[in-house]
Structures are given as C-alpha cells and as structure tokens.
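Here are a few notes to read alongside the model. Take them in any order you like.

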Amino acid sequence: MKVLVCVKRVLDPQVKARVKSDGSGVDLSNAKMTMNPFCENALEEALRLREAGSADEVVVVSVGGGKTQETLRHGLAMGADRAINITTEEALEPLAIARVLKHIVDQELPGLVLAGKQAIDGDSNQTAQMLSAMLGWSQSTFISEFKLDGDTATTTREVDAGLETISVKMPAVISVDLRLNEPRYVKLPDVMKAKRKPMDTIELDSLGLDTANRLTVLDVVEPEGRAAGVIVANVAELVDKLRNEAKVI
Amino acid sequence: MSNLVIVEHDNNDVAVATLNAITAAQQIGGDIDLLVAGENCQAVADSAAQIAGVSTVKLVDNAMFGHHMAENLALLIADVAKGYSHVLASATTFGKNIMPRASALLDVAQISEIVEVKSPDTFVRPIYAGNALATVQSSDSIKVITVRTIKFEAASASGGSASIETLNSGSDSGLSDWISQAVSGGDKVELTSAGIVVSGGRGMQNGENFTLLQSVADKLGAAVGASRAAVDSGFVSNELQVGQTGKVIAPDLYIAVGISGAIQHLAGMKESKVIVAINNDSEAPIFQVSDYGLVADLFDAVPEFDSAL
Ligand SMILES: Cc1cc2nc3c(=O)[nH]c(=O)nc-3n(C[C@H](O)[C@H](O)[C@H](O)COP(=O)(O)OP(=O)(O)OC[C@H]3O[C@@H](n4cnc5c(N)ncnc54)[C@H](O)[C@@H]3O)c2cc1C
Ligand SMILES: Nc1ncnc2c1ncn2[C@@H]1O[C@H](COP(=O)(O)O)[C@@H](O)[C@H]1O
C-alpha cells in the first residue's frame, strides 16, 4: 500500500506571529518556518506503517511556493521515499488545497491519506475532511490511535467528551492529533540521504484546476492585549482580592 | 437570509454549544431553522423547538445518524443546506468533524471558528493561535460557518414554539462504524460551561497531585482543566486540555497552577474574565496575562488556598 502524507510549511510554533502594520496579514519575512507539527505526526505514523510492513511507499506532498521544498526535504530526511511539490505563491484556502490534493490522489492512487488535524497558521481544521468528501472516502479526524486490519482501520479520536473509537473502510483520509506518536529526530546522515531522494515539482497553473479563493481577507489585526495585573504577596491576599476586589469567589 | 443551525446532541439533550451558534445566526439575521439528525431523538427535537427565535426544526430520525458519523451527516447537511444562505454549527469536535465535509460537498469555503459577525457576509476569526484576528468576506452563495462559542451568549433555551418537520432524508454510506466511547467525566463540572476553572500543568508532577486541584474545584463549583504537557504526561485525560488545539474557554475565573503560559495554552484561556497564576518562577509568561499572580511553590500555596476557602 502507498501512503500519501499531506504536509504544510508554517511559522514555527515557538515564534509569536507578528501582524503587519498595514493590516494585510502576518509578517513571515525572515521568520523561522517549519513543518506543521501535526503533519510531522502524520508522517511519523506513515513511516511506522512502512516499518511494520503495512505500507510499501510513503509519499509526502505539499502545496506551496517559496521554500516549501525545504519542508519536503525534511520529510524525506525523516524517511519518506518521495516528495511532490505543487508550487504556487498564492495563499490558497483549504477548499482549493483539498482540490489540488484530490488531483494528486487521483494520480497516485494511495491506499491511505494522512494529514494533520489543523495547520497552526490558519487554524482552519478543514483540509482532510474536505479532501475525504471530494474523494467520497471514509474519514476519521483528530486521531490518537491507528490500527490497520486489512481493508478497515480502527481509529481512536480525541473528542470533546473524551475518546471515541470508530472503524473506517479503506481507503480513508485520516487527520491526526499530536498524541498519536512522537515524531522521530532527523540525523545528519538522513539529511544527506534525503538530498538524493526524488522530488517532483509541478506548477499549480499547469494543472488547470479551479483554485480561486472564496474569501477575501479585508484586514488582519492584533487582538487587544490584557492590562498587566498585580503580584500578590501571599495566599491570604489572593483570597481577599478574589473575594472583595474581583468578586469572583 | 435564512440560517440552518446543525444541532449537536446525544439523542437526548441539545448541547449547550448549539445555543451559542444560534446567537451567531440571530446576529446574521433572517429565519433560523434547526436540523436535528439522530436516532430516537424526538426528545431533542422537542426541546430544540422551545429555543427562542427558531422557526422550524427539521428532524431526521434514523439509525444511520445515531452516532453522527461524518460521512452520512455531511451528505444530509449538504442536501438540506441547499435552501439556505447560512449553515452554522458550533466549533466543537462535533462541528469541526462534519462541517468541512459538508462544505466541500457544497463546493463552498468554510469559515472556521468565527468570533464576530460584522455583516451577513463578513466575519472575524482568529488565526495563528489567536495572535491575529482576520476579517474575511465570503463570496459563496452558501456560507458554512463554525462558531467559537465563548464569543456568543447562549440563546434562551425556552420561550420558542417552532414547528417540527420530519424528513425522510439520508442514505447510509456504510463507510465507517462507531465502536465505542470512553468518557471519564462522571458527575464532574464540565470544562466548557464552568464559571470557574482550576487548571494544572507540568508543575503538578503527576496525576495524583491533581486531587489538590480537584479539592479546590469542588469547593468553588469549578471544573478542572490542564495544559497539554499535563495531558501528554498522562496526568489527566485529553478532554481536559485547554488551548489552541484543545478547548477554548472563557470562564469568570481561571486559575493556572504550575503552567508556564505558552502561546498555545494562552490561546485557550486568555479571554477569561479574571486570571490567576500560581507559579514558582516569577519569569513565567503566564504572569503577563494574569490579573493576580502568586509566586510560590504550588505544593504550599494550593493546600493553603484550599483551606482558606
Ligand atoms: C502545535 C502545538 C499545539 C499545542 N497545543 C497546546 C494546547 O492546546 N494547550 C497547551 O496547553 N499546550 C499546547 N501546546 C504545548 C505548549 O507549547 C507548551 O509546551 C505547554 O503548554 C506547556 O505546558 P506547561 O505550562 O504545563 O509546562 P511547562 O512549560 O513545562 O511549565 C511548567 C510550569 O510549572 C512551573 N512549576 C514547576 N514546579 C512548580 C511548583 N512546585 N510550584 C509552582 N510552579 C511550578 C514552572 O515554573 C513552569 O512555569 C502545543 C504545542 C504545539 C507545538
Ligand atoms: N498547502 C498544503 N499542502 C499540503 N497539505 C496541506 C496544506 N494545507 C493543509 N494541508 C494538510 O491539511 C491539514 C489541515 O490543515 P488546515 O485545514 O489548513 O487546518 C494540514 O495539517 C496538512 O496535513
């Protein structure tokens, strides 16, 4: 079975986003970028499936311009066999990303697609569900456990009430949560090996897909900050403030 | 304009979060209909019909919707949605699972986790863990929206008298099967609706020590929450996680104990009315957002706080 893993290049989670003063968006110039953390978990799971003999090829795919290839190289260094980069400088919405990914799935015919539950830049949490709908496949989202048994998979989902276990027919699109696994570290020899692995670069425009955005971003602003509070000397003062000043207990 | 709000429920009761989504629909304006899809869920439709401001409750009662599997539910929503300008659900794991699937079937964008309705086609939503707020205008004929509950008051659960219309729609895709659900909540106060939340982080050291927080919570009628580090370390279960990738809450009082205040944690609690931090590191970023900070060892401070209550 071939596994396709969808990965996105995003602002490093340790870096606080800076809003551009003209309100046009978040300033990413010279910012530290990385593979979306959830996508690393998705890739890790695919690699484990290959190591367990359940998958024979792991392909990473990313839609994006700039240095997206660096993120795919990181995926190859983690252990993916091959990479596909659909290039565009346009910031596409999840609906368009899903349409592009569907095109790749139709060509690659994987038995399983793994994605992150959300990209930590747009916080959309949409792409996997949309791709699954377009393919007419089964879906399981926000998973923290995955077990493949033949033509079904048993998955445990992190939901508001706790954990839900469902089984899905293969092929499926699965979106993963951070507790699914611990992504491996990349070692220097892996980075060297990754340089020789194949990477296809396809221009988005050459695919002739409708990827027009449906939303116009009118402005992006920083939220109001909180006013600085006080440091209390001891527990007695804290209780007094909560009772008599804030009146919340 | 006409709004369809997807009712989240357990086949018995309407989830409170749905009432917040209904308020967002009221702000958009126009008629509000509700869709109740489930199994043996007449009781849900009956209480949904009591919610103030609702015109019609569409009820689809069929075993194929019993566990809200995304494939069946999204097909149904996409089908019923065709008569509406706006389709909304709360941004809970229920809404997040099904709504993008429905919106792809409708070939429209989804607007995730709105925090404000500017006009019927313009909405504000947080991005980058809430470090930026984007105002977006939709050009789609049907606007599919998930609603961040903390930013919209709950609509009144009574006072309405909607009609109930039973539909025989739906087809079973047979793509997925529900197996089980593990809920550890019991009779504890629920995190998203609690007025006071006491949260613990890695500083708690282990799961047993969370009994210190539970004792405080019991006295205050509060819920217990946690940072991701506390959940990852196995101290408490996943449904207690507060943050960018957990629950977003805004109680009247949030007490953060042994939590450093990472961006991703703040994303889930910084809208709380009053924030208290107890941490032995005076440099911890949590103090920058707290109204009252106590620099102390939590193992001294929490028992003392508990007995002072
Ligand atoms: C993609 C992504 C998503 C994430 N999503 C979330 C999320 O949704 N929610 C979330 O919480 N995190 C999330 N995180 C993790 C986040 O970045 C932090 O790692 C996490 O919040 C840290 O948890 P913590 O504050 O409990 O632990 P730490 O950062 O280790 O802080 C522990 C604190 O306890 C204090 N302490 C220790 N001992 C004592 C004592 N005896 N008395 C008093 N204080 C003490 C320390 O001074 C320290 O400040 C996410 C990270 C990523 C990359
Ligand atoms: N540009 C992209 N290229 C490849 N995969 C993507 C892209 N955008 C989103 N995804 C996948 O979809 C997941 C969810 O993203 P989102 O719907 O934007 O929150 C990500 O974790 C990726 O797995």
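Where does Asn11(B) lie?

1. Asn11(B) sits in the loop between strand E1 (2-6) and helix H1 (16-28) of chain B. Helices (H or I, at least four residues) and strands (E, at least two) are DSSP runs, numbered from the N terminus. Asn11(B) isn't a glycine, yet it has a positive phi of about 75°. Its relative accessible area is 15%, so Asn11(B) is buried; buried means under 20%, exposed over 50%, and partly exposed in between (1.4 Å probe, protein chains only).

2. Before going on, a word on the ground rules: this is a predicted model, where local features need pLDDT of at least 70 and side-chain atom pairs count only at pLDDT 80 or more, while totals for chains, interfaces and linings use all residues. Residues are numbered from 1 along each chain as its sequence is written, chains are lettered from A and ligands numbered from 1 in the order in which they are written, and side-chain values use heavy atoms, with hydrogens and water left out.

3. Tyr128(B) also deserves a look: it is not a glycine, but its phi is positive, at about 50°. You'll find Tyr128(B) in the loop between strand E7 (122-127) and strand E8 (132-138) of chain B. Tyr128(B) is buried, with a relative accessible area of 13%.

4. Now for ligand 2. It is surrounded by 17 residues, with Cys6(A), Val63(A), Ala119(A), Asn125(A) and Thr127(A) the closest; a residue is near if one of its heavy atoms lies within 4 Å. An oxygen atom of ligand 2 is 2.7 Å from a polar backbone atom of Cys6(A), and an oxygen atom of the ligand is 3.1 Å from an N or O atom in the side chain of Asn36(A). The protein covers 98% of the 480 Å² of accessible area that ligand 2 has on its own (Shrake-Rupley method, 1.4 Å probe). E4(A) gives the most to the shell, with three residues.

5. On strand pairing (at least two bridges found by DSSP), strand E13 (residues 230-232) of chain A runs parallel to strand E16 (residues 292-295) of chain B, over three bridges. Ile231(A) has Gly293(B) as its bridge partner in E16(B). Strand E15 (residues 274-279) of chain B pairs with E16(B) in the parallel sense too, over four bridges.

6. Last, check the peptide bond from Met170(A) to Pro171(A): it is cis, with omega near -5°. Pro171(A) is in the loop between strand E9 (162-169) and strand E10 (172-176) of chain A.

How values were computed: A polar contact is a pair of N or O atoms within 3.5 Å; within protein, one must be able to donate a hydrogen and the other to accept it, and residues adjacent in sequence count only if both atoms are side-chain atoms.
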